[in-house]
Every structure is written in C-alpha cells, then in structure tokens.
Amino acid sequence: RHLAAGPASRRAMTTSQAPQGPVEATIDADSRREDGGAEALTVDGSSGSIPPEVLDLFDTLRGEALRRLDEFGPIHLFSLCWAYSTARLLDEDLRQRIVHSAILLGEKRDRKPRSEPPPLVSTTPGRSALEGGEDLREEPRVLMEGDHWVALYKPPYWQVNVDAKEAAKAAERSADIAPFDDEDDEGDAEDAAPAQLSAPRPGGPQSMRTWIRQQLASQYPVCTDAIEAYGLLHRLDVQTSGVLLAAKTYVGAYWLRLQWCSYLVDKEYVCLVHGWVPRDVREIHTRIRVDKKKAPNSRRTISTLCTVGANGKPSFTEVATLAHLVRPALGQSERYSLVVLKLHTGRTHQIRVHMQSIGHPLVTDKKYGEATHFQDSMWCPRNFLHTYHLGFDEVPPASGAAEEAPEPVDILCPLPTDLRGVLAGLRPVDERSRPFFEDWCTGEAARLRAFEEYAGEPRAEPGAEQCG
C-alpha cells in the first residue's frame, strides 16, 4: 500500500499535525454530511463517502482499541493505523498513541545486548550487462544509512523475497503475520533474469534476503527475523533496480512500517516507454486484476498476469513525462518517452500494466509489451524501470521525544550503467526534453529531483487528462 504524501507534505508534518496528501488523516465535524456520513478519498485517489453507521463503528472500535492498546502487538498497531488512515479517521491522539506503543515495543526488542556495529561501507557497483565480461552481476551497495535503517541499491536480477514457509512457521510461533502479507506480491518465475544472467554468482548471494543476512545479521537482530522479513520493508520486481529500504533495528522497522500504513512514504520510479506520452497525462486510475498461477502442490507463484478492468483492485499512478526521444533505426525514428511515476497503491506490476493500458508499454517488457520485446531486447537488456527516489521521515531520537518534528529523509539513486547506456543511444526531439535527458544521462544524483518538482513543470497543453 504505497500511497504517499509528497515531500513537501512530509517536511511540513510534525507529530502534532495530521498527514495530508492523497489520503488525509482526519475528519472533523465540518466534513460530515447532513446524513451523518462523511466524504473520504479512496485508495485510487477518487472521492468516496463513509456512511454514518460505518463512522459509528469506527468510533466504537477506536474506544476499544485505546482501552486495549497495551495488549496490541506490532501487526495490530499497523493494521489499526492503516484502517483509520485509509478511512481518513486517524485523529492525532490515536496516531500518537499508536506510534508511542510501536516504538516502545521496538525498544523492548532492541534491548538485547549486541556489539557496536561498524558503519556500513558503500561499495562500488560491479560491471553491468552492457559492459560485457564473464561476471555480469552487480553487487548491492549502501546508498545511505541512519541509526535505525539502511538504504541499499538493489541491482537488477536480485530478488527481494521472503521464504513463505519460513515466515509462516515463525509467524505461527508468535501468533503474528509477516510484513509482506498485506502487500500484493511482485515478480514471479517468468520475470527472473535471462538465461545468461540467471546463474548465481559463485560464492555470492542469490537474493537480497541472503545478502542482508550475510552482511547485516551478525550485528542487527532484526535482520535474522523471518517475521520482520529480515528487515526488508518493501518489494521490488526482479528486473527493477533502485532504492531498497531495510531496517537495522525493531524501532526502525516499526516506525517505517507505520509511515507506510499512514501513506507517508514517497516511492518514485523512472521508466522508458514506447511512443510519446502526452505531457497532459498526469494520472492513471484503471483498476488492476491480478491472476496468479501456482506450481502444483505448492504456494510458489510460477506465473503472474495482470489486466485492467472493472473487477480489479483500485489502483492509482501519477505520471510526469520528462522527455520525448527518438532512436534512429533502419532509417526510421522510433519514438520513446522518459517518464517519472509516483505510486499511490502497490499492485503487482502496477507501472507496467498502467503504462500498457494507455498505449505506452515499457521498453523490453516481455509480459506487457510482447509485440516489441524481441526488437527491444537487441538494444535494452531488461525492463527499463528503476526506483530512483524514496522519501520518509527519520526515526525519532527516543520515545520521549515524540513532540519534535521528524527530519525528512530523501534518497535519490541515479540510473545504473546499463540503463544509462540505453538512454545514451536516444536523442531528445525538442529543447524542453533536452535538459531532463542530459540530467538522467549523467548518473549524478544531484541533478535529479523528487516527483513533485517534476510534476510542477509547465504543461505543454492546458488542462490535464486523466486516464482510466
């Protein structure tokens, strides 16, 4: 559920202010309708209404929750925060008490003595697929870290997975559930690396989970905990590169998960798609249906296919077109667009499905751009999709400092070498496209911006088109 308020909203927010954005956090008396109900925003960004009987139910549940809050485990606090945030009924008193309880639980679990960990070292990425050589895999590296979290660069073809049986057994022992159980699954066997990249590195990890356990588990107990997904806080598709956030402490895990439940995490992507996306296309709201094929006598997903339709789940993606590009090929200029996107829901393959639904599939997308995949793969080795920005509020220094405004954290990750090489083979078609194209070709994080700044650029045509 990656519904996010923008960076400006996070910066303006303190612990005594309700979060604003696509889903607001409170409903006051003025927002109630004459019939006793209230207006709300649904998870796809559209308006909805809350019947008076539902409001009464939430009021009753709120009182009971506050009375028994000390009995709640982490997952109960997350569920409570998510439900009231989604309904725009999370009042400030309830929010602060949920946060306080979660941090106390995290501090209690973090009290186990452990040696002082050395700072993590940011390593140099390995060679990419475009550079050739026998070893075509990159290694993860540290982009930024705090006392309670670490932001990693996830290379393409590294899986962000948690063993379902292992997590289920651990959850059963604690009467809890694993963090990813409330998210749509991302990725499947069909989206794994191509044949020349699918073999594991000799002596190295085969997944981000394995890497984290090898690199961090000896110093950070949360990274050994299957219920907490070994510290992993969200997923990325197998071929998608970019920022991946993991917790180093239970306090960090609980604080950051509450931000996700409150729709306060910014998760933003950049992709290359076919055709010239009109600059006045700003939102996609088409519902997404997820169909999964399981292996015989197994819970393992071997195939996932998503489609758009009225019977799907509400889905919302914001779009900002940065550059219209061409690629001279066989005497013809093929058209492409460099696009940044902001997710407000976390559906499987959401970006790929939404861009296909408006007639602009991603480059080298075998599943949702099959008609062009063979030609695309001749010059782009994988799905051109990269998580370039993650934004959230820093963990408070201590549970007693809840009144202080949290510090905003923004992590920008430029395109890796393979995608920059692909982009370098294209050309901008106008002066408006040129500076954005050049910024992304440099590989310099300082030249990138958060989505809200890109979306604020002047539009080519008046008005805004909504798709879906």
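Author: Axes here are lines fitted to C-alpha atoms over the stretch in contact, and the angle between N-to-C directions runs from 0 to 180 degrees. Two packed helices are then described by the angle between their axes and the distance between the axes. Keep in mind that this is a predicted model.

Reader: At what angle do the axes of H2 and H3 cross?

Author: Roughly 150 degrees, and the axes of H2 (residues 52–67) and H3 (residues 74–86) come within 12 Å. Angles over 145 degrees count as roughly antiparallel, so H2 is roughly antiparallel to H3. Their crossing is left-handed.

Reader: Which residues in H2 and H3 meet?

Author: On the H2 side you have Phe 58, Leu 61, Arg 62 and Ala 65, and they meet Leu 80, Ala 83 and Tyr 84 of H3. Sorted by class, that contact has six nonpolar residues, one charged and no polar ones.

Reader: Now H3 and H4: how far apart are their axes?

Author: They're 10 Å apart, and H3 packs with H4 (residues 92–110) at an angle of about 160 degrees. That makes H3 roughly antiparallel to H4. The crossing of H3 past H4 is left-handed.

Reader: What does H3 bring to H4, and what does it meet there?

Author: H3 brings Pro 74, Leu 77, Leu 80, Cys 81 and Tyr 84, which meet Leu 94, Ile 98, Ser 101, Ala 102 and Leu 105 in H4. By class, this contact counts nine nonpolar residues, one polar and no charged. Look at Leu 80 and Tyr 84 too: both are listed in the contact with H2 and in the contact with H4.

How values were computed. Residues are numbered from 1 along each chain as its sequence is written. This is a predicted model: local features need pLDDT of at least 70, side-chain atom pairs count only at pLDDT 80 or more; totals for chains, interfaces and linings use all residues. Side-chain values use heavy atoms; hydrogens and water are left out. Helices (H or I, at least four residues) and strands (E, at least two) are DSSP runs, numbered from the N terminus. Angles under 35 degrees count as roughly parallel, over 145 as roughly antiparallel, 65 to 115 as roughly perpendicular and the rest as oblique. A crossing is left-handed if the near helix is turned anticlockwise from the far one by less than a right angle, and right-handed if clockwise. Contact means heavy atoms within 4.5 Å. Ala, Val, Leu, Ile, Met, Phe, Trp, Tyr, Cys and Pro count as nonpolar, Asp, Glu, Lys and Arg as charged, and the others, Gly among them, as polar.
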